[in-house]
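Let's take a look around this protein together. Have the sequence and the 3D view open, and check each spot as we get to it.

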Amino acid sequence: MIDHLLGRPSPSWKRFQVFLVSFVWFLYLHKADSRGPKFCRNLNEKLCRFTPFQLIAGTLTVLYMLKNADRMIGLGAPEPLSRLYSRNFYRATWILTALDAGFWTAMSIRPKFLRDIMSIVFSIYYLIFADQADEKARRIRATITVECLRVSWEKTLNPILRAAIKLLSPRVTICQKKILIPRPKNNPHGSQPVVGYIYYDGTQESFENSDKLILDFPGGGFITMPPPCHEDYLCHWAKKTHVPILSIDYAKAPEFPYPYALEECFDVYQSIMESNGEAIGMSGWTNKDGSKRKQIKIVMVGDSAGGNIVTSVMFKILESPTPLPHPNALILIYPCLNFDITCWMSPSQLSVIRAESTPSIHGLLESKDHLRHKSPLAVVPDIKKKRRWSRGFSGSREDEKTVEERVKYIDGRDMTQHLNERNSRPIIGTRLAMTSRMSYFNDRILNPDLMRAMAILYLGPNNCPDFTSDYLLSPIVGPDELLAQFPKVYLMCGEKDPLVDDTVVFAGRIREAKMRKKQNSAKFGENLRMSSVDKSDDTDDWVEVKILQGISHAFLQMLALLPESSGAVRIIARWLSQSLEKAPDSKVENERIAHDDEEGLMFSSRPSTINDITKTQRNGRRNISPLEISHHPSTSPKSSIHVSHSLSDITENSHKLSSPMHTSTSEVVLSPVNERECVLWEQQNILNEDQILKRRRDTLISHLKEGTAVTSQENTETKK
């Protein structure tokens, strides 16, 4: 109270208040009558029959009840994130928040060994008092510092936590081998070597003779988290792929602002390709016997900030004056693709979101429809209040109305007389919609305060860039000419991640750019480095996106806390293995679906039908061109957005299914009982997939052309 009276709340004044109040009470207990004031003496006589323990325990219980009286009578404020995440993810964030609060509390303690111990002690305290941990995290994130960011995100370097992580991580023969990678000759970016860490489950000799490499750019907001902070999932990848992994410890901001880290990572790629791996200890262009070696294959992978660097390095590879071999694939996990932190989505972005998501990710579209909720900031479905004995405390039925139900006047019309027209309006497209970066502003992992801080620190003292055109900083605005030359791109993101919109939009832009290039090749006869035009359904090989339901950012750092993370790590390992193969055959495809059950995740997709598109046009949305159909989920089921469900969720609903496989015209859900049934199901249903999809695409285009012609004719008659 004292700091508020002075008009300047601060930790020092709060500390002074605690000491002052404690001193006054101890002084009173020392000087005053031991029986207490006069009005308490009669009460003391009645309480004499209780023991001191009973008095203390009873007093604490009464104080606890008084503190939570509003919750006892149903007047407490609801938890805004109670239904946003899955149970497993919310539980993991509770532990991470307690660790953050504990490490921040102990960060000023010296010496280091005592700080490491007290960090764990304070974290245990905050695990018990979760509300205090949330409050401390909220206050520190409001004015986050570089040191606070690094203490929070590098907590896995604590020797106690590190020992626990090593017990759970698989052991590989080459782990965290630190090397210095030389820069290319005549390099304009300097000659300072770049630090890298090698993870490989094999002998030194097999490493030198390997013709494959996984090049990892780890995330950390461009500010923190060297490769040892990512060691747990890197060891899993090395164990499962049996391919060397080189994780780059690029220079961090604010000491080395943009574009220093990007130039380092590009130089690493160039040095490896020009030396054919000799720069990192491989055999190079010749074997020991003098025979010539083939060009090594590389897959680039990055999470969060690392995903930004992966895409930017790919742009620099395409624009390099010295031709460089392209990587086999790019793997982006919850990538940071846009530094233009705007609040509102543009109509073009909304159209891509609708085409990529409808109706595969209902939750993503629902989060954009702000008027269908009671609160314009809600991103989860509303729930009806239980009105039993608390009817008198809960208010009237007026508070159950959504924002849309409250609207009475739109465009000169009285909506109370046009209820049917209100219900026929589109979900999104004509309404104001927030980006996911603002929709999930209460995210427990990545909130707007952290995103603004990271952007400011990464850009540093450079001139303000043009976010709408600088695609090396914001890859989401990359030109179509470069996006069309990208190799196969895999993307994975959480459904509730603030960066999920950027992930979906970027996937749609790549697919659209490649489709344009393919159509131009068919028209003008240009040579493209992709499938022939006759095989129109090879668009499936361009982009693959998987969305994890009920999960937000940084799930790769939660292997010990989040069961879904283990499945995601194994799926990424399978992507890595497939990308480094020459040509995946049908056996690999069968194994991919057969192992979905093993990964602990279930993927389902809902390809749209002609009825869906007809309904879309009826609802007043813009006409969809054949170009959009080409990257719509209906024509690219393999490259469409997949929503992952936990196996526990599938098991709970398994009794509702009459058979292990349930298919319909609007929904296809794969729920295998065992691997054999999965393989048999694929052999029976996906043998003629190319022909089926081609016929479906031709039918869709013909129906749309007919629908467009009819619509144009009706508009002409209306004008007349």
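By the way, you're looking at a predicted model. How many disulfides does a search of the whole structure find? The answer is zero.

## A nonpolar patch on the surface

Now turn to the outside. A nonpolar patch on the surface is formed by L6, W13, F16, L20, F23, V24 and L27. Put together, these residues have about 650 Å² of accessible area.

Let's pick out one of them, V24. You'll find V24 in helix 2, which covers residues 11–31. Is V24 buried, partly exposed or exposed? With a relative accessible area of 45%, V24 is partly exposed, because that value lies between the 20% and 50% cut-offs.

## Rings that pair up

Searching the whole structure turns up 17 aromatic pairs. Ring pairs also join F222, Y258, F339 and Y458 into a cluster, so try highlighting those four residues in the 3D view.

## Charges over rings

K252 places its charged end over the ring of Y250, 4.3 Å from the ring's centre. Over at F266, the charged end of K316 sits over the ring, and here the distance to the centre is 5.2 Å.

Methods. Residues are numbered from 1 along each chain as its sequence is written. This is a predicted model: local features need pLDDT of at least 70, side-chain atom pairs count only at pLDDT 80 or more; totals for chains, interfaces and linings use all residues. Side-chain values use heavy atoms; hydrogens and water are left out. A disulfide is a pair of cysteine sulfur atoms within 2.5 Å. Patches are made of residues with over 30% relative accessible area and no salt bridge: like charges are joined within 9 Å, nonpolar side chains (Val, Leu, Ile, Met, Phe, Trp, Tyr) within 5 Å. Accessible areas come from the Shrake-Rupley method with a 1.4 Å probe; for residues, only the protein chains shown count as cover. A salt bridge is a side-chain nitrogen of Lys or Arg within 4 Å of a carboxyl oxygen of Asp or Glu. Helices (H or I, at least four residues) and strands (E, at least two) are DSSP runs, numbered from the N terminus. Buried means under 20% relative accessible area, exposed over 50%, partly exposed in between (1.4 Å probe, protein chains only). Rings of Phe, Tyr and Trp (its six-membered ring) pair if their centres lie within 6.5 Å; planes under 30 degrees apart count as stacked, over 60 as edge-to-face and the rest as tilted. A charge sits over a ring if NZ of Lys or CZ of Arg is within 6 Å of the ring centre and within 35 degrees of the ring normal.
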